[in-house]
Number of protein chains: 2
Amino acid sequence: MSKLTDVPKRILIGRALRSDRLGETLLPKRIALPVFASDPLSSVAYAPGEVLLVLSIAGVSAYHFSPWIAVAVVVLMFTVVASYRQNVHAYPSGGGDYEVANTNLGPKAGLTVASALLVDYVLTVAVSIASGIENLGSAVPFVVEHKVLCALAVIVLLTLMNLRGVKESGSLFAIPTYVFVAGVFIMIAWGAFRGLVLDETMRAPTAGYEIKAEHQGLAGFALVFLLLRAFSSGCAALTGVEAISNGVPAFRKPKSKNAATTLAAMGLLAVTMFCGIIALAMTTKVRMAENPAEDLLKDGVAIGADYVQNPVISQVAEAVFGKGSFLFIVLAAATALVLFLAANTAYNGFPLLGSILAQDRYLPRQLHTRGDRLAFSNGIVLLASAAGLLVWIYGADSTRLIQLYIVGVFVSFTLSQTGMVRHWNRHLATEKDAATRSHMIRSRAINAFGAFFTGLVLVVVLVTKFTHGAWVALLGMVIFYATMSAIRKHYDRVADEIAAPEGPSDDSVRPSRVHSVVLISKIHRPTLRALAYAKLLRSDTLEALSVNVDPVETKALREEWERRGIDVPLKVLDSPYREITRPVIEYVKSLRKESPRDAVSVIIPEYVVGHWYEHLLHNQSALRLKGRLLFTPGVMVTSVPYQLQSSEAAKNRARKRQEWNAPGAVRRGPAHERAKETSSQP
Amino acid sequence: MSKLTDVPKRILIGRALRSDRLGETLLPKRIALPVFASDPLSSVAYAPGEVLLVLSIAGVSAYHFSPWIAVAVVVLMFTVVASYRQNVHAYPSGGGDYEVANTNLGPKAGLTVASALLVDYVLTVAVSIASGIENLGSAVPFVVEHKVLCALAVIVLLTLMNLRGVKESGSLFAIPTYVFVAGVFIMIAWGAFRGLVLDETMRAPTAGYEIKAEHQGLAGFALVFLLLRAFSSGCAALTGVEAISNGVPAFRKPKSKNAATTLAAMGLLAVTMFCGIIALAMTTKVRMAENPAEDLLKDGVAIGADYVQNPVISQVAEAVFGKGSFLFIVLAAATALVLFLAANTAYNGFPLLGSILAQDRYLPRQLHTRGDRLAFSNGIVLLASAAGLLVWIYGADSTRLIQLYIVGVFVSFTLSQTGMVRHWNRHLATEKDAATRSHMIRSRAINAFGAFFTGLVLVVVLVTKFTHGAWVALLGMVIFYATMSAIRKHYDRVADEIAAPEGPSDDSVRPSRVHSVVLISKIHRPTLRALAYAKLLRSDTLEALSVNVDPVETKALREEWERRGIDVPLKVLDSPYREITRPVIEYVKSLRKESPRDAVSVIIPEYVVGHWYEHLLHNQSALRLKGRLLFTPGVMVTSVPYQLQSSEAAKNRARKRQEWNAPGAVRRGPAHERAKETSSQP
């Protein structure tokens with residue numbers, strides 16, 4: 001129904017779309033890539049720097065190991081991409097890591113993955129925003145001077161946007177992501193051209209600094225450990241790769257194939273950018289240190305606490321494009337924007353995972369309803385608070401936050417890939433067709449290698465990063481795991497308790513008659529309506545009940561009752577202490593005691609008002625009484641609402657709330673595509 | 001019913017008292033005095049100092065005006081006491097200022113008095129605690145060094161005690177109050193003995209300081225203004241005098257006479273102590289300044305910001321008893337304790353006044369129930385927050401807080417006395433008996449003089465203190481007044497809207513039939529119970545309703561339904577977006593559309609759990625659905641609770657909560673005495 005007042009609006013912004021229309025649009029690959037890749041691609045903004053940072057501990061000479069570390073990251077990236085291409089084909093309904101682990105390895109593995117992913121989402125927000133602020137800060141010094149404040153402001157902004165349910169579109173993701181990718185490629189190409197063809201010397205702003213090695217001439221086991229730590233840091237480039245495996249239903253047909261192609265494209269872009277930036281960093285002699293204040297020396301003197309260490313990508317951009325040049329500014333802005341978009345993906349993923357977990361009763365059931373605003377809001381606020389806390393504790397320092405980051409990712413990689421191996425084993429046990437079998441065996445081999453490699457990396461990450469902060473992430477996982485297990489246990493216990501016994505006639509206390517009691521305070525429209533409704537229900541007995549808190553009022557009530565000739569007997573309970581709840585409860589109990597086989601129906605007239613502050617002014621004793629009555633066995637409690645005029649406002653608000661559109665719809669695909677997945681659940 | 005486990009407890013602490021037993025005990029005068037007088041008597045701890053403080057502005061020579069100001073305060077005190085003795089006789093049911101003004105001057109005057117009293121209670125807490133901390137600080141320097149912190153700690157402590165409902169007893173009030181009174185009298189007597197008989201020279205610690213007058217040689221209008229300001233400050237001694245007029249029902253018989261006698265004793269004690277302390281302060285040459293840091297000179301040099309100006313009462317005690325002597329310490333402790341007791345009286349008065357205002361629909365109705373814990377808690381928390389805020393803003397400086405204090409007191413004095421004049425006028429119009437008439441005329445004269453004098457003081461206070469802080473108190477009053485008017489207006493509007501029309505048959509939409517709908521998610525005990533109860537109600541039609549959010553589950557439900565042979569038709573609504581609320585609401589609306597004259601009864605099975613965190617895990621969609629259904633006309637909503645085992649815990653908690661005892665019972669008198677008052681309301 002469109003009202004007349006809608007006409008100008010419709011002329012201005014076109015026909016009203018159904019609120020979920022956007023989610024119904026399937027994504028072509030060119031849009032799917034930026035929608036899903038902002039997280040993994042944006043990590044090249046911080047991963048190369050982290051590698052150099054760790055290597056610097058052994059002095060600048062250790063920098064020459066960085067190409068080897070890049071190679072290791074590239075191999076790992078190809079392994080992970082190849083593995084997830086198998087996932088995408090095997091679970092076209094969009095089976096994320098949680099579902100793969102849950103289905104193939106059992107609920108404990110599933111819950112572990114879920115805990116890891118939840119921690120991961122929190123860290124995605126914290127790391128991406130911290131890094132985004134640092135990149136922005138390389139162009140706008142104010143931002144980096146008020147790092148924590150700005151980071152928290154961005155978190156608040158994203159939170160508000162997601163709470164309000166700002167509509168998404170593919171181009172929202174596409175423009176910054178493509179600008180970022182194009183910027184990085186132009187930088188690499190122009191850098192290569194200047195260096196190789198023009199033979200110019202490009203120098204990063206830190207090229208002239210020396211690094212004071214914390215451990216000069218590291219060798220043997222210590223060196224290997226350091227290289228492994230550097231590799232662990234480089235693995236930050238892999239975060240977010242798994243996102244596509246959740247989003248297959250959002251792709252155009254053939255869904256799995258398109259998703260797999262997009263995954264490959266994403267991997268290729270990511271490693272090219274990663275390697276390119278490392279190469280440029282080596283060429284332009286970027287110097288990074290873990291503690292720049294002490295370990296970076298300028299003319300042999302420590303550079304001091306005032307120094308701000310800019311990200312590698314911005315140092316390289318400065319060397320290639322020139323400080324303050326147009327392209328430098330554009331790249332810094334695009335980098336920050338893509339990082340904020342990456343943080344935003346967590347805002348979509350966290351509540352979505354929550355709703356899947358709620359479906360499996362690991363989280364409160366009400367989170368289960370798709371796109372439910374309240375459930376969504378709880379998830380968003382929880383995510384934002386946790387991320388905000390981390391940003392605040394770690395001073396929005398992306399380097400310190402990254403120490404926590406990679407554990408969760410590799411826990412879910414490893415378990416998901418192990419689950420895939422099981423998946424193929426199970427299918428191979430029944431599959432007869434030779435061609436399909438050989439295909440499956442190939443997939444199994446890829447997933448097995450993936451599981452082995454990511455498992456190895458997980459061990460490396462744990463060993464090299466545990467004391468640097470990975471324990472915080474593990475602690476977070478344990479907390480999530482314990483909470484969700486407890487919730488599941490509670491639901492299971494309740495389900496046992498309320499399970500219906502077999503046979504139709506076992507319930508020995510099935511009531512035989514019902515006494516109805518209408519609560520009356522005064523005679524007005526709401527009570528008259530409640531009386532009329534109560535009469536309709538034809539219970540075995542019906543009486544009106546009032547509590548005498550004020551003798552004068554009670555006398556007036558009795559008189560009016562008689563004068564109006566209301567044909568329901570009025571009973572008045574005494575209450576010397578002006579209480580309402582206790583006398584009613586005691587009366588109901590006495591009724592039950594007299595005839596334990598009967599049920600008591602308590603009918604309460606209620607006003608319905610439109611604003612929360614009006615609500616505070618009404619029905620409070622009714623509400624409390626209802627609360628207490630619910631604990632009394634053999635009772636049913638009926639509210640007969642009387643809608644006051646102001647209640648219209650609330651009705652309209654509720655309608656609006658229902659028309660709200662949950663963010664993240666673009667990534668999730670159309671509802672009917674997801675419905676399939678749900679219904680095919682075991 | 002006493003359980004076996006109660007036996008050891010009963011042996012240890014005697015027979016269980018009825019929770020309200022204490023309030024049933026009537027107070028003899030010797031206990032009533034300390035119970036009601038802690039507030040007015042304690043004000044002699046700060047009032048004399050305030051007078052000297054203001055006078056110091058004109059230099060130490062102005063101190064010789066202080067006896068005259070004391071005389072003015074004494075005259076005022078006698079006037080107010082005489083006036084309230086009339087109140088006590090006229091309103092033996094305990095008509096406080098609010099009721100006197102409301103009954104005789106109309107609701108606007110009543111509401112003004114109520115607003116003034118509410119502000120006053122807040123300030124009683126703030127001023128008394130700030131002053132208590134300063135008195136304690138004169139013996140324990142740590143306290144005064146962390147003034148704000150200690151004051152807030154005391155507020156928190158009092159709040160917790162009152163929230164928990166610590167039981168009161170007369171001796172709780174009697175011991176500190178009598179120790180304080182005795183201490184002050186011993187000090188006065190010993191001081192007089194040393195000075196007059198032994199002819200010793202007692203010197204206050206500040207006797208050697210000079211005061212730098214801000215306005216030397218003040219004369220004419222400026223001097224009068226200063227004296228009036230000093231007098232206003234001295235009027236702080238009158239706060240709390242009206243308390244007895246609220247508490248007449250707590251007295252032994254003859255109630256009014258005993259209350260009047262106690263009032264007179266209190267007035268006499270207060271003025272004696274006030275004058276005695278002023279006299280001792282003059283004798284021992286106490287020197288107080290508004291800005292001691294700048295205006296107090298020691299050997300001609302400003303004394304500096306580190307100086308802590310101790311209250312007059314402690315300086316005098318030091319001079320008379322000697323610093324650190326036993327009696328000095330006892331008096332300091334008793335002074336602080338009495339001041340904290342005075343603050344505690346506000347904790348009793350504020351929620352009590354709230355409940356009276358709620359009865360007149362100026363505050364949410366639920367505050368009306370006597371001794372209701374929730375209502376009580378809201379009042380306490382509001383009072384404590386407001387007082388805490390003031391203490392924090394004003395740095396727990398009693399001198400600055402007192403500037404705000406006296407406005408409210410005199411607003412209620414003036415209006416109450418004016419109301420009493422009207423009261424006598426009304427009674428004189430009908431009274432024939434000559435003796436009674438002359439008695440009434442005498443009372444009217446006293447009240448008329450009281451109204452005139454307190455009104456004059458109110459003007460003086462407003463004029464002399466407005467810019468010093470009285471505007472804050474006025475602003476507070478305006479806020480209370482506006483809020484309470486708005487609430488009353490809302491209730492009146494609703495009452496109009498729901499007023500039952502005359503005549504039994506006017507309601508044109510009285511429903512003729514009722515359709516019952518039982519909501520089903522799964523088949524378990526709660527739903528089976530709900531079905532059984534629904535059948536008992538014999539509505540015209542009955543069906544079970546389920547929402548298909550998951551085809552597999554729905555199919556299983558249909559199968560089990562048939563297998564169990566449940567003889568209620570099952571209807572399943574489709575919900576592609578996994579929503580529950582919307583399809584149900586739409587279905588109910590469609591039922592109503594088909595037959596608008598019928599009512600729809602929606603029956604919802606609910607689990608009842610014991611802990612709030614369990615509650616979060618259940619019934620959320622049922623709750624939301626109920627919320628929406630209440631806005632749908634022609635619907636009644638029935639909850640059929642199923643008590644899970646864990647619900648026992650909540651039941652016990654609720655029972656305990658109901659056995660809670662509201663503090664302030666001692667002052668309020670027995671319930672049945674108050675009930676009379678309530679029922680005699682117009």
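Biologist: What makes you call strand S8 (residues 635–643) of chain A and S8(B) a pair?

Modeller: The model is predicted, and the call rests on its bridges. Pairing takes at least two bridges. Here 3 bridges join S8(A) to S8(B), so the two strands count as paired. They run antiparallel.

Biologist: How many residues are in contact between chain A and chain B?

Modeller: On chain B, 76 residues touch 76 residues of chain A. A contact here needs C-beta atoms within 7 Å. Strand S8 of chain B gives the most to this side, with 9 residues. By type, the side of chain B that touches chain A holds 41 nonpolar, 18 polar and 17 charged residues.

Biologist: Why is strand S7 (residues 599–608) of chain B described as largely enclosed?

Modeller: A residue is buried if 20 or more other C-beta atoms lie within 10 Å of its own. In S7(B), 10 of the 10 residues are buried, so the rest of the structure largely encloses this strand. Both faces are covered. Ala599(B), Ile603(B) and Tyr607(B) are among the buried residues on one side, and Val600(B), Ile604(B) and Glu606(B) are among those on the other.

Biologist: Which strands pair with S7(B), and in what sense?

Modeller: Strand S4 (residues 514–519) of chain B joins S7(B) through 5 bridges, in parallel. One of these links Val514(B) to Ala599(B). S8(B) also pairs with S7(B) in the parallel sense, over 9 bridges. There, Pro605(B) has Val640(B) as its bridge partner.

Biologist: What makes S1 and S3 of chain A edge strands?

Modeller: They belong to an open sheet of 3 strands, ordered S1-S2-S3, with antiparallel pairing. S1 (210–211) and S3 (301–302) each have a single partner strand, so one side of each is left without a neighbour in the sheet. S1(A) pairs with S2 (residues 296–298) of chain A over 2 bridges. That meets the cut-off of at least two. Glu210(A) stands opposite Leu297(A) in S2(A).

Key: Residues numbered from 1 in each chain as written. Chains lettered and ligands numbered in written order. Predicted model: local features only at pLDDT ≥ 70, side-chain atom pairs only at ≥ 80, totals over all residues. Helix = DSSP H or I, 4+ residues; strand = E, 2+ residues; numbered from the N terminus. Contact = placed C-beta atoms within 7 Å. Nonpolar A, V, L, I, M, F, W, Y, C, P; charged D, E, K, R; others polar. Buried ≥ 20, exposed ≤ 12 C-beta atoms within 10 Å, placed from the backbone.
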